[in-house]
2 protein chains.
Amino acid sequence: MAHYSPSVENLINKLAGLPGIGRKSAHRLAFHILSLDKEEAKAISDAIIEAHSKTIRCSCCQNFTDSDPCPICSDPKRDRSTVCVVESPRDVATIERTHEYRGLYHVLHGVYNPIDVRAMERVTLKQLFARLSSESSVNEIIVATNQNIEGNATALYISRLLKDTGIKVTRLASGLPMGSDIEYADDLTLSNALKGRVEIG
Amino acid sequence: MAHYSPSVENLINKLAGLPGIGRKSAHRLAFHILSLDKEEAKAISDAIIEAHSKTIRCSCCQNFTDSDPCPICSDPKRDRSTVCVVESPRDVATIERTHEYRGLYHVLHGVYNPIDVRAMERVTLKQLFARLSSESSVNEIIVATNQNIEGNATALYISRLLKDTGIKVTRLASGLPMGSDIEYADDLTLSNALKGRVEIG
């Protein structure tokens, strides 16, 4: 026996299809939405449509934006000699929050993973190389992909393809996070921290 | 500096307003939605509107439904002498899954909590008492509110108001959950399990 009406069941299914939302969370969200005023529910629905329809990809860095080129790519104060390659648009916001980086970005929307052909079609590595061959100002690529097998493979792939172009390819440092205890560090992190040790002063 | 366009920021804010969704989850959900096809995003948006517009409250049990009275209230096979009082529509589905209960329900959409006046306005205690005075067939109310202070207060409130009506008011048993170790049980659960002990065989 179905315990909910078809439209509620459909809403639960749609919500459960979102990343990180299980069946139980989907139930809770659906019933929260049902308990809202009509205007509030419509506001959520409209926000999805509006964000989706207004958001395009920056033709330069492939980040989500509502203007092309995006505010970062069109900012004359940004350092155009450095491009930071990230996996997702969220990573751009995370790096921007540090206020440490003043260069440009390139959003891959995925990682280099030749096994997953469908995902690879969406990865904007082609656009990165096309951009680098047309923009001569770039002299460093910082690969800021995640510290895992796919992230490292992507970094390696980019560095190999750009080997003879004179563009320096760097990778974010891997090591102990701030506030961490050496006692609790995993072997891989500790060995990376050892390999990447820096001179003091 | 805003890292996202206004429409994306608005979507993130709307998602972060949902229960159990923090800022980080809201970011992840928003970017997942942006990466969907137009049809998929529209399907989510439509599901919200459709579920919200098609869902009404059953005039009898106050549960969310698309037909009035709801399938449970209009089912001739259900035992009309028992009404199980629950806090939320989700609880109805949870109890239905046990296949142990064949009576009717009443959904409070909250709990008895005289301090929170706004929430109390939404609680359907009034409708419960109106229903009980018009339906003479009911002889037992099972209060299945959560096992906490508000849930217990609600149970007590209902039992006091129905004291002289001849309707029996019961409460779900409180005790050790199945599969639990006595060693790890909290004091309150254990003392409830002791008080509610049942004879074997």
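**Close-up views of a predicted two-chain model**

**View 1. B:Thr82, a buried residue of chain B.** With a relative accessible area of 8%, B:Thr82 is buried, because buried means under 20% relative accessible area. The structure shown in this and the following views is a predicted model. B:Thr82 belongs to strand S3 of chain B, which covers residues 79–86. Along the chain, B:Thr82 and B:Lys168 are 86 residues apart.

**View 2. A positive surface patch with residues from chains A and B.** The patch is formed by A:Lys24 and A:Arg28 together with B:Arg90 and B:Arg97. Two helices each supply at least two residues of the positive patch: helix H2 (23–35) of chain A and helix H4 (89–97) of chain B.

**View 3. A:Lys24, an exposed member of the positive patch.** A:Lys24 is located in helix H2 of chain A. The relative accessibility of A:Lys24 is 70%, and this residue therefore counts as exposed, the limit being over 50%.

**View 4. The rotation axis that relates chain B to chain A.** Two copies of a chain are related by a rotation about an axis and a shift along it. Which residue of chain B comes closest to the rotation axis? That residue is B:Ser45, whose C-alpha atom lies at 2.2 Å from the axis.

Note on methods
Residues are numbered from 1 along each chain as its sequence is written. Chains are lettered from A and ligands numbered from 1 in the order in which they are written. This is a predicted model: local features need pLDDT of at least 70, side-chain atom pairs count only at pLDDT 80 or more; totals for chains, interfaces and linings use all residues. Side-chain values use heavy atoms; hydrogens and water are left out. Patches are made of residues with over 30% relative accessible area and no salt bridge: like charges are joined within 9 Å, nonpolar side chains (Val, Leu, Ile, Met, Phe, Trp, Tyr) within 5 Å. Accessible areas come from the Shrake-Rupley method with a 1.4 Å probe; for residues, only the protein chains shown count as cover. A salt bridge is a side-chain nitrogen of Lys or Arg within 4 Å of a carboxyl oxygen of Asp or Glu. Lys and Arg count as positive and Asp and Glu as negative; His and the chain ends are not counted. The place of a charge is taken as NZ of Lys, CZ of Arg, CG of Asp or CD of Glu. Helices (H or I, at least four residues) and strands (E, at least two) are DSSP runs, numbered from the N terminus. Buried means under 20% relative accessible area, exposed over 50%, partly exposed in between (1.4 Å probe, protein chains only). Copies are superposed by least squares on the C-alpha atoms of residues with pLDDT of at least 70 in both.
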